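Here is a short briefing on a protein structure. Look it over first, then read the points below.

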Amino acid sequence: MTMLDATQDLRAQTESIFRRKRLFTFAIPAVILAYLTYIFFAFDVPGLWARANADNARSLVSDLYSYKTHVTRDNRSGNVSVAIEGEKKGRYPEGTAPAWVELGETTVIDLEDGHIITYGPKLITYDVPDFGLMTFEVSRSRGVVADYPVDVLPEWINASKNRVAITTEAGRLSITRNRTEVFRYFTGWELFFFTLDSPYHGMGFGELAGKFVSGEAGAILSDIWNNKMWRHKDVVWAIFETVLMAFLGTMGAALLALPLAFLAARNFAPLVAVRFATRRFFDFVRGVDALIWTIVLTRAFGLGPLTGALAILITDTGSFGKLFSETLENVDDKQIEGIRSTGAKPLQRYRFGVIPQITPVLLSQILYYLESNTRSATVIGAITGGGIGLLLTQAIITQKDWEEVTYYITLIVLVVIFMDWVSGHLRRRLIKGDESGH
Amino acid sequence: MADLTQHPGRVNDIQASYMAQVGRKRLYSGITMLVFVLLMISGFNLASSRNGGSFWGGIDNFFDYPSEVVAEAASKAAEMPAHFATYFPALLETVNIAAVATLIGALMAIVLSLLSTRGLARFPRLIGLFRRVMDITRAVPEIVVALILIFVLGGGPVPAMIAIAIHTAGALGKLFSEVNENASLKPLEGLESVGANWTQRMLLGVVPQVAPNWLSYALLRFEINIRASAILGFVGAGGLGYELKVAIQWGQGRFDEAGAMFIMLFLTIVFFDQISSHYRDKLVHGAKGKE
């Protein structure tokens, strides 16, 4: 870029250019590094490790691929109940239990690999292989009275006067004055297809396929669709709402922006004042940002998908207006002149001279925004309370249904990738169609 | 031409088939339009019915909230400068989150894009893998990563920063690799012939060719990330968005603060929007000038 002056000392000039270049190549990384150092302290990254909660992380990760079944005894009434994840929706009907729990006067819980826990009328026992039998007695006055086979407790037993917690690789036993609880961990997502009250729960795939073919398809699908634990019906609706928000917002914005873009384009709006006003309008709606529009709209229209759609619509009217008017300014005048030479009126000139030129560009921009708005709609939905964004934030706030969070994220990613694929495919076809048309 | 006039029957045939084609085309576009309009109307009605308040019920109240905010802000106009000063650190944090996320995301995007461009890739067999990585990081909405990280790391700017950086890496990576595809391979061959390794070939052969376009996309991303950072603040990641949420939940009495923050956010976005479009113009036109 810098021209060498042949009349001067070439060597000196070259060296000075090299020096400047070298300075530049060192200065940029140095500035970036300095900025990152500033951020490192401004964001308090060193304090982050102190604040980070490793237990949260562990429970999150283990919850992603496993679930636990609670076997709970109320120490006062002696009632034993078995529930998946301890939730009401996952509770086994009264008097029934999975095969590894034997209900009776003495409830025997087999945690496999030799770990056996019993809830007796008086005593609770836990037999750990290679360690020995522990017995516990819960009494109103003395708390939890324990008898261990060793004198010094290993670190996987956590005991105090009123509380004992034992964690082994087979499961967890926790005893308090009020209740005794055993957690057994299983890999997988619990009750994903059928809840316990469905007759199809626990059937093998072959058996199910047989029933499916022999006329029970409706009942099977309805049991999956109405699953109370995973709420597949609500989730599908929510995903649909999110896509709907993106669709309504993007298309509505495009419809509004197209006529306005003509007013902002140099070659179509002769009045400078109109052009200026329209452009500032676009800048304004774009600048106010989806967040502020969301807040304002929520006040007017309440929570729900419509509010989200309108927030996208208003923000994107500004973006589309700017993009469309730039496209219009690049329109080739020759075609319009050609149409005019046949005696066409202004509206006809727009229809046959301008629209065919801009359609592929416009459609490709709209499709691109549609895809990117599907993602935005998730975020906006979390604020306006519509669609999958709402379900997602709810699941995250409860801080225990991480498997549901994984489920929603997987669905969102699949839908966004699908929209990306569809929009990319259509855009390529549009551009190709455009080329063959010439 | 002369032929056509001598055979009026053929001209009529041609006209008839042309008109038939036009008619068919009109019919198809008519049907497409009709389907589109029906989709829009039914979608609108559906969204309206699932909404807390209906569209027609709410349209009258549209200006209620803004006018309340404006009225209260105007009545306390003297306190406005103080509010600007109070919330400036929060604004700075929001902008910083966006800036760091864009920086880190762009650096990751550079590596990902170089690894996934045919002709440049270090491991040509893994191109597909790196492309899928970009697809997935692009598809995950920022809010998901942010909320999960808030659960693990606690609130503050870092979760938002990481979340935006991850998304930026995917989004920019795709655009960067499209730019890379147009880079000339000749400088690379030259560098290879003198024994340059992959990193040197990329740094000296590719980066100078594509840097202006990369920078232009990164600037656009920065502008988008400021908006994202404000929104993430609203769901608990710190910065101006968080302060805004607190002020709004308080409601009347703190509308002047909310108003001040609206103005600050608006001005910031417009400011960076103008700067980024100015420099992008310059970069793209500068690149054109060289050719």
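The points below go from whole chains to single residues.

This is a predicted model, in which local features need pLDDT of at least 70, side-chain atom pairs count only at pLDDT 80 or more, and totals for chains, interfaces and linings use all residues. Residues are numbered from 1 along each chain as its sequence is written, chains are lettered from A and ligands numbered from 1 in the order in which they are written, and side-chain values use heavy atoms, with hydrogens and water left out.

**Chain A overall**

- Chain A has eleven helices and twelve strands. Helices (H or I, at least four residues) and strands (E, at least two) are DSSP runs, numbered from the N terminus.
- The radius of gyration of chain A is 34 Å, while a compact globule of 438 residues would have one near 22 Å. This radius is taken over C-alpha atoms, and the globule rule is 2.2 Å times the number of residues to the power 0.38.
- The C-alpha trace of chain A spans about 100 × 75 × 45 Å along its principal axes.
- In chain A, 45% of the 438 residues count as buried. Buried means under 20% relative accessible area, exposed means over 50%, and partly exposed lies in between (1.4 Å probe, protein chains only).

**Chain B overall**

- Chain B has twelve helices and zero strands.
- The C-alpha atoms of chain B fill a box of roughly 85 × 65 × 40 Å along the principal axes.
- Of its 291 residues, 46% count as buried.

**Distances in chain A**

- A:Leu313 sits in helix H7 (residues 305-329). It is buried, at 17% relative accessible area.
- A:Leu313 and A:Gly249 are 64 residues apart in sequence, yet their C-alpha atoms are 4.1 Å apart in space.
- A:Gly143 belongs to strand E8 (residues 143-147). It is buried, with 0% relative accessibility.
- A:Gly143 and A:Arg429 are 286 residues apart along the chain, and 74 Å separates their C-alpha atoms.

**Salt bridges**

- Side chains of opposite charge can pair when their charged atoms come close. A salt bridge is a side-chain nitrogen of Lys or Arg within 4 Å of a carboxyl oxygen of Asp or Glu.
- The whole structure holds 18 salt bridges over all chains.
- A:Asp283 pairs with A:Arg280, with the closest N and O atoms 3.1 Å apart. Both lie in helix H6 (residues 272-301), three residues apart, about one turn of the helix.
- A:Asp283 also meets A:Arg286 in a salt bridge (3.4 Å, N to O).
- A:Asp283 is buried at 15% relative accessibility, and A:Arg286 is buried at 8%. A:Arg280 is partly exposed at 38%.
- B:Lys76 forms a salt bridge with B:Glu72, with the closest N and O atoms 3.4 Å apart. B:Lys76 is partly exposed at 24%, whereas B:Glu72 is buried at 12%.
- A network of salt bridges links A:Asp420, B:Arg132, B:Asp135, B:Arg138 and B:Lys174.

**Surface patches**

- Patches are made of residues with over 30% relative accessible area and no salt bridge; like charges are joined within 9 Å, and nonpolar side chains (Val, Leu, Ile, Met, Phe, Trp, Tyr) within 5 Å.
- B:Leu27, B:Tyr28, B:Ile31, B:Val35 and B:Leu39 make a nonpolar patch of about 500 Å². B:Leu27 lies in helix H2 (residues 8-49) of chain B.

Technical notes: Areas by Shrake-Rupley, 256 points an atom, 1.4 Å probe, with all protein chains shown as cover.
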